[in-house]
Amino acid sequence: MTSRSTTRALSSLGATLALALGAAAFAPSPAAACGGFFCDNSQPVNQQAERIIFAREDDGSVTAVIQIQYQGPSERFAWMLPVAGSPEIAVSSDAAFQRLQQASNPVYRLNNRVEGTCAGGARSAADFGSAGGADAGVAVEDAGAPPVSVVDQGFVGPYDYVIIDVDPEAEDQVAVAITWLQDNGYDVPDMGSDVLRPYLESGMNLLAFRLTKGNDSGAVRPVRLSFGPGLPSIPLRPTAVATEPDLGILVWVLGDSRAIPANYRSLELNEALIDWLAPGPTYDEVVTRAANEAMGQGFVTEMAGAAAPLGEVIWREDEARGWAELQGESWDGREGELLLQVSRFSQLDGMREALEAHVTVPDGLTEDEFFGCLGCYVERTDAEVPGLDPAALLADVQTDVIDPMVETQALFERNAYATRLYTTMSAHEMTLDPIFDFNPSLPDVSNVHEADRVIECSPSISQFEAPWRVELANGDVIRGEGNTWPFAPDTDAMPAAARISRVGTSGDGEVLEDHTSAIAEALSEHNEGVPGPTADA
């Protein structure tokens, strides 16, 4: 598919969207990603945390890789988002997101040490803690139909897609767009004009996806969109149509320097509210509270640093080497061994579909039985597999399975810096589309957080029951006893955000709310009520 240049630039100012003619004279146009899921009321869609990778290329263009979370019948799937012009469209891989998230997740680690001697002696300290151009079955309206033109259409991976442009002279652009999509088999609801109207009136097109016949929720894959010059942006208002309360939004932004939420607040968490003994269950609650304290529009910077190490975990060196070796072999008469070797990549998106397209399931077995355990049924590695063309199988695996991983890794290799940002939002907070820019003045941010826990022992009490103090990196001290964290994430004792700031493209930013004194006062009051070690220590 050929990339088309964007002739209109969209500048975001506050909560309004303004149309600008000529990108060079105005702020860069936000390159839109994300969007909204729609379904009928009898089959609600479960839309979970959104995960997006944005990469700003050397020429200023933006690539977005967007994970689609969906559970439900394929015939009720529809995903729509506003886009500038006609982006290039391809599929990506869930495995890339899984590996990326695992490598960049926040880690809260306690380093334990013991003061004094507890009853029963000391225990050991431990750390806690590109799209085809074939007709996808979307009909182009004739001259007597509503004023909608098809900019592009086709299929990619498990999706049919269409990009439509609505005549700006239409009496009601939103009604025209929704009616056209419904008439052409996209299961989208009648939406309030306030949701889509700002995008359509600013000259943006609508990109809509649906699952092709025979695909179900298990076939939903991330998509990769390539835009023209601009800044990464998430149009949230369509998402609000079918969102869960406190929807998680996780974004990696790649570029030359650290990314910032240009029109949202930057949040620094109060780490005293995170249960350092078991941080997993409480972290999201603290982020949600902190975001709520910023009127629902703030991001936590969870990590910022070199991009290359993250790319290395997406498509690993041993995998690249193994795949190259497979391609260099001759498999004629050794098709059985080929199947066993290819199955090493079965955890990657698209592998099952590639095998199903090339291998006939033996009589007496179901597809799940056979493809779920090829090694159970391919008895001899030198066996021939009737009808299997090794070269054709390898070519399809390369295109549909390997290339999406390699291309995602390449984004991290082409960009020097990666920033991971996270927030949660509910529908009523999705009134302003986040735009991300860059600030080379800001320092790296580690995703690893460490604190020291000092267990205050005495001979009259066991180490498990002894009081302790946790010393955070910022100097805060939290006292507690036993194996229970003293604060719940929803406590009214202190704020969840230590600081709320507005950060621009240079400098350290402006602190709008500083709650560190209130937090220190609350901790002091709490600590006074926690006994220290007994006198016989």
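The model is predicted, so local features need pLDDT of at least 70 and side-chain atom pairs count only at pLDDT 80 or more, while totals for chains, interfaces and linings use all residues. Residues are numbered from 1 along each chain as its sequence is written, and side-chain values use heavy atoms, without hydrogens and water.

A nonpolar core is taken as a set of buried Ala, Val, Leu, Ile, Met, Phe, Trp, Tyr and Cys residues joined through side-chain atoms within 4.5 Å; buried means under 20% relative accessible area, exposed over 50%, and partly exposed in between (1.4 Å probe, protein chains only). The largest such core holds 79 residues, of which Leu269, Leu339 and Phe412 touch the most other members. Its largest share, 8 residues, comes from helix α11 (residues 390-414). A second, separate core of 38 residues includes Phe54, Tyr159, Leu211 and Val223.

The whole structure contains 1 disulfide, defined as a pair of cysteine sulfur atoms within 2.5 Å. Cysteine 118 and cysteine 457 form this bond, with their sulfur atoms 1.8 Å apart. The torsion about their S-S bond is about -95°, so the disulfide is left-handed. Cysteine 118 counts as buried at 4% relative accessibility, as does cysteine 457 at 2%.

Salt bridges (a side-chain nitrogen of Lys or Arg within 4 Å of a carboxyl oxygen of Asp or Glu) number 23. In one of them, arginine 224 pairs with glutamate 407, the closest N and O atoms being 2.7 Å apart. Arginine 224 lies in strand β13 (residues 223-229) and glutamate 407 in helix α11, so this pair ties together parts 183 residues apart in sequence.

Key. Helices (H or I, at least four residues) and strands (E, at least two) are DSSP runs, numbered from the N terminus.
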